[in-house]
Amino acid sequence: MKLIKNLYLILFILIAFSCNDKKEKTDFKENNGLIIENKKEPKIKNVLSEEKTKVQLEDTTSKTYVALKFINDYVVNCNKMKEQIGIVKWVNSNQDVSQEFKEELKKMIEDAYKSEPEYGLGFDPIFDAQDYPDDGFKLAEFDSISNYLTVEAKTWKGFSINMRIKEVNNKWLVDGCGVINIPKNKQAER
């Protein structure tokens, strides 16, 4: 009888784990020994109905993916320390960035070195800061009308960056990030 109970227990555990593999991933945090599921959905503006919300969420997944990939790949590059590629070279090699973004970044850095040869900008224009969260960013908000989005640090509370995407030849590209191609009134507060 004990052997049968043990077999049922093993079978139950196997079924439970195989079902968990198929579930969508969600974040969990521990709070005083209790595990709490954290399902923070990105805020989406300009949604008129529940039906449109579903369409909007599917639509934002593809639109915002390019921005999240860009900023998180940039974090990976910055984390490489001695092996990292310079900002202009890295952006110019990125296929998911608009030509206007590339040109504005290059101009901004060249102008800064003309003005301050020893310091240049003194901050990273993509992060709009001197420091950055080395574990990356997640989507916080997306406005499907203006195509502005806000990404926030995964663990650094209060650190966010505003970005803008645009469609060029049926492909979504990053057209603004940090202080590059983002008007002053649309930049994240510092």
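Buried means under 20% relative accessible area, exposed means over 50%, and partly exposed lies in between (1.4 Å probe, protein chains only). The legends below describe a predicted model, in which local features need pLDDT of at least 70, side-chain atom pairs count only at pLDDT 80 or more, and totals for chains, interfaces and linings use all residues. Residues are numbered from 1 along each chain as its sequence is written, and side-chain values use heavy atoms, with hydrogens and water left out.

**View 1. Aromatic pairs around Phe-70.** Rings of Phe, Tyr and Trp (its six-membered ring) pair if their centres lie within 6.5 Å; planes under 30 degrees apart count as stacked, over 60 as edge-to-face and the rest as tilted. The count by this rule is eight aromatic pairs. In one of them, the ring centres of Phe-70 and Trp-90 lie 5.4 Å apart with the planes at 50°, so this pair is tilted. Because Phe-70 belongs to helix α2 (residues 50-79) and Trp-90 to helix α3 (residues 87-92), the pair ties together parts that are 20 residues apart in sequence. Helices (H or I, at least four residues) and strands (E, at least two) are DSSP runs, numbered from the N terminus. Phe-70 and Trp-90 are both buried. Phe-70 also pairs with Phe-101: the centres are 5.8 Å apart and the planes stand at 85°, so the arrangement is edge-to-face. This second pair links distant parts of the chain, from Phe-70 in helix α2 to Phe-101 in helix α4 (residues 99-115), 31 residues apart. The relative accessibility of Phe-70 is 1%, and Phe-101 is buried with a relative accessible area of 0%.

**View 2. The aromatic cluster and two charges over rings.** Ring pairs join Phe-70, Tyr-74, Trp-90, Phe-101, Phe-127, Tyr-132, Phe-137, Trp-156 and Phe-159 into a cluster. A charge sits over a ring if NZ of Lys or CZ of Arg is within 6 Å of the ring centre and within 35 degrees of the ring normal. The ring of Phe-159 has the charged end of Arg-190 over it, 4.6 Å from the ring centre. Over the face of Tyr-148 lies Lys-186, at 4.9 Å from the centre of that ring.

View 3. Helix α4 contains 17 residues and reaches 24 Å from its first C-alpha to its last. That span is close to the expected 24 Å (1.5 Å times one less than the number of residues). Its buried residues are Phe-101, Lys-102, Leu-105, Met-108, Ile-109 and Ala-112. Seen down the helix axis, these residues fall within an arc of 135° (taken from the directions from the axis to the C-beta atoms), so they line one face of α4. The face turned away from the buried side carries the exposed residues Lys-114 and Ser-115.

View 4. Lys-102, in helix α4, counts as buried at 13% relative accessibility. Leaving aside neighbours within four places in sequence, Lys-102 is in contact (heavy atoms within 4.5 Å) with Val-91, Asn-92, Asn-94 and Val-97. Asp-128 is placed in the loop between α4 and β4 (137-143) and is buried, with a relative accessible area of 14%. Residues up to four places away not being counted, Asp-128 touches Phe-123, Gly-178, Val-179, Gln-187, Ala-188 and Arg-190.
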